[in-house]
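The sequence and the model come first, followed by a short account of the contacts.

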Amino acid sequence: MTTGQAEPMVKIRSLRKRFGSVEVLKGIDLDVPHGQVVCVVGPSGSGKSTLLRCVNRMETIDSGRIWVDGELMGYAERGGRLHLLAPAELCRQRRPIGMVFQRFHLFPHRTAIENVMEGPVTVLGTSRAEARRQATELLERVGLSDRADHYPAQLSGGQQQRVAIARSLAMRPKLMLFDEPTSALDPELVQEVLAVMRDLAASGMTMMVVTHEMGFAREVGDQLVFVDGGVIVERGDPREVLAAPKNDRFRTFLGQVL
Amino acid sequence: MEVTSTGSSAGSQDGEPSAQVPVELPIEAVRPPRPGRVIGAGVALLFLVWLAYTVIVNENLHWDVIVSFLMDGRILGGLWVTIQLTVFSMAIGLVLGVLAAVMQLSDNPVLRGTSGLYTWFFRGTPLLVQLIFWFNIGLVFPSFGIGVPFDGPKLIEWQANELITPFTAALLGLAINEGAYMAEIVRAGIRSVDPGQREAAEALGMSHGQVLRRVVLPQAMRVIIPPTGNQFISMLKTTSMVSVIAGAELLTVAQRIYLGNFEVIAMLIVASIWYVVLTTIASIGQHFIEKRFERGHAALGARVRRNLRPFAKEPA
Ligand SMILES: Nc1ncnc2c1ncn2[C@@H]1O[C@H](COP(=O)(O)OP(=O)(O)OP(=O)(O)O)[C@@H](O)[C@H]1O
Ligand SMILES: [Mg+2]
């Protein structure tokens, strides 16, 4: 173990985000230590997706600071002033942050293995042969070696989501963001995706997971945060907060989800 | 043993339920009489026969002249110019269209405005006027050069009269006009791609250009290709407008010939026959390409290769 005072992988301070006149995030503070899994839960429209999208700078923010692995996201601080990063710098910052979407968003014109190779070949300049070798390994890791040459349309939802996870892992991320990765799946397919995520967590990946799967949160999560109305209303060890929720709204929410 | 299809398998020997033999119930229904259709078809056929007869026996049409000019060297030369004009102006128009479409969808209001001005102006003025304008551009800008803008010194300079031949004027007019229409088609194609695709690509760390080239445009092609085929077929005929600036394409050549031999109708028919041949070939090509694109979501390159495999040389 390294020294305990290491910077967290993700550090969010006083994050505010508005769309037009609607403030969606109203001051979020959150730390995700290295190797931990933070599960984010909350009602629809509470700003969970927006929170994740701010972390990899898919959304600009209105105030606050976000650091990933010690690096300020979206800005450079020079001479006591913030300077917006150029697009190329943003791309560089996004590279080591994987993102998995509710609706998979696999590239439909490429096969499973080509989807996994796309990032390394296009963004990292990896040779096709090397990328193919890595992609083969990753597909094996998510249990889809035999589907390498299938197009997304020929795969089940669970299989597509596992390819999407492999596609993110191909960039060798240090942080993975999951936005309701199992919400679009038929119930019998949820477990195969959660199993892959469980393995990933066990391998020490730092993860932020927006989910309604309380079983997963209880079993894999190191921290659970409940977001409502753009603020974190309750947080703590998932096993404890799920067993004895203090906040009324959280209790009501759990009553609806469980 | 006779197996009846009544399903009661009482006669099954070894106690097993006998496999049910499906009942055949062939349908040999009699169509109701449809006298209207028969009469309609008869009338149409009669009309076609009459039309063919009057055309064929008509002495004013000079079929012998038509046949003798169909393969005339000048006509074939004009045909070649028509093909070149079509292919080049479509290719340049496609590039301009992609550029304009990408500018139109950008966040930068100046780029958006420039693109909007371009499509607004060139779709808003007649092509005929544009062609005559480009041909006479020398009246406005007697010389072109590369150098410092706003009347600064020039590195190279050309005289408009040397640069602007009927062919280059035609190419300019057709390509720039086509670009304005292609911009709309490409834009519709790009907008048809799920925004989630762009997000997934950006999350991998791709730049705007990479997102466009690797993810968005390949998927937009499915929507872009069919109308582009229509534009191509229509361009084959639109090139005939170039005859107003004596562009040496098919119609111009036909006109030049009939000014000499006064076979106006015959020459127009010769030109029309070639236009029909060209558009027919293009339609067949379009049908082929569209069918390939409707099938699944596979990438064009991979699919074209797969489809060509049966025609490739037999492996040794
Ligand atoms: N691009 C946008 N433009 C305008 N409003 C937006 C945008 N994205 C999100 N919102 C709004 O912000 C609020 C929070 O959205 P967000 O997607 O973060 O919620 P969520 O917690 O992920 O909800 P869900 O569980 O339904 O996914 C919603 O009211 C939504 O309508
Ligand atoms: Mg969401």
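## Polar contacts between the chains

A polar contact is a pair of N or O atoms within 3.5 Å; within protein, one atom must be able to donate a hydrogen and the other to accept it, and residues adjacent in sequence count only if both atoms are side-chain atoms. In this predicted model, seven residue pairs are in polar contact across the interface of chain A and chain B, both residues being at pLDDT 80 or more. On the side of chain A that touches chain B, α2 (87-94), β8 (97-100) and α3 (112-124) each supply at least two residues. The largest share, four residues, comes from α3(A). By residue type, that side of chain A divides into 11 nonpolar, five polar and six charged residues.

Two salt bridges are counted between chain A and chain B. B:Arg214 forms a salt bridge with A:Glu118, with 2.7 Å between the closest N and O atoms.

## Extent of the interface

Chain A and chain B bury about 2000 Å² between them, and 60% of this is on carbon and sulfur atoms. Of the area that chain A buries against chain B, A:His105, A:Phe107 and A:His109 supply 26%, more than any other three residues.

The residues around ligand 1 include A:Phe19, A:Pro43 and A:Glu180. The shell divides into three nonpolar, six polar and two charged residues. Helix α1 (residues 48-55) of chain A gives the most to this shell, with three residues.

A polar side-chain atom of A:Ser49 lies 2.6 Å from an oxygen atom of ligand 1, and an N or O atom in the side chain of A:Lys48 is 2.7 Å from an oxygen atom of the ligand. Taken alone, ligand 1 exposes 640 Å², of which the protein buries 56%.

Key
Residues numbered from 1 in each chain as written. Chains lettered and ligands numbered in written order. Predicted model: local features only at pLDDT ≥ 70, side-chain atom pairs only at ≥ 80, totals over all residues. Heavy atoms only, no water. Buried area = accessible area lost by both parts, 1.4 Å probe. Salt bridge = Lys/Arg side-chain N within 4 Å of Asp/Glu carboxyl O. Nonpolar A, V, L, I, M, F, W, Y, C, P; charged D, E, K, R; others polar. Near = heavy atom within 4 Å. Areas by Shrake-Rupley, 256 points an atom, 1.4 Å probe, with all protein chains shown as cover.
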